[in-house]
Amino acid sequence: MITCFIEYQLDPSKLALFEQYARNWGEIIPRCGGELVGYFLPHEGTNFVAYGLINFASLAEYEAYRVRLKADQQGRDNFNFALKERFILQEKRSFLSCVTQTFLQGVNAQ
């Protein structure tokens with residue numbers, strides 16, 4: 001499994017717009033083949049950084065997902081919403097693999 005870790009730099013005056021954008025992905029991403037871990041908004045401290053995490057079986061699965069996402073009308077609409085409203089100032093993607101022995105240790109121990 002790989003995790004696509006997306007870091008967003010946001011306009012802090014438009015967090016509600018980013019929240020709507022993230023909620024929209026909640027339906028779109030699974031339909032296009034990604035396993036959405038979640039989107040995370042600023043809560044305390046830095047007020048302009050948010051994160052999105054999406055799991056894929058492999059990098060090849062991620063590439064297939066990107067093709068489906070670009071063909072998805074709701075996906076295109078959501079991208080266009082972000083472009084129109086300009087709440088995302090910067091976006092960075094990293095691809096991570098999990099050290100499985102450490103994943104959700106506190107939850108798995110119970």
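User: Which residue's side chain does a polar contact join to asparagine 55?
Analyst: In this predicted model, where local features need pLDDT of at least 70, side-chain atom pairs count only at pLDDT 80 or more, and totals for chains, interfaces and linings use all residues, it is threonine 3, at 2.5 Å. A polar contact is a pair of N or O atoms within 3.5 Å, where within protein one must be able to donate a hydrogen and the other to accept it, and residues adjacent in sequence count only if both atoms are side-chain atoms. Residues are numbered from 1 along each chain as its sequence is written, and side-chain values use heavy atoms, leaving out hydrogens and water.

User: And is asparagine 55 buried or exposed?
Analyst: Asparagine 55 counts as buried because its relative accessibility is 7%, and buried means under 20% relative accessible area, exposed over 50%, and partly exposed in between (1.4 Å probe, protein chains only).

User: New topic: how many aromatic pairs are there?
Analyst: The count comes to 15 aromatic pairs, where rings of Phe, Tyr and Trp (its six-membered ring) pair if their centres lie within 6.5 Å, with planes under 30 degrees apart counting as stacked, over 60 as edge-to-face and the rest as tilted. Phenylalanine 5 and tyrosine 51 form a tilted pair, with 5.2 Å from centre to centre and 35 degrees between the planes.

User: How exposed is tyrosine 51?
Analyst: Tyrosine 51 has 29% relative accessibility, so it counts as partly exposed. Phenylalanine 81 and phenylalanine 87 also pair, and because their ring centres are 5.3 Å apart with planes at 55 degrees, that pair is tilted.

User: Is phenylalanine 87 buried or exposed?
Analyst: Phenylalanine 87 is buried, because its relative accessibility is 0%.
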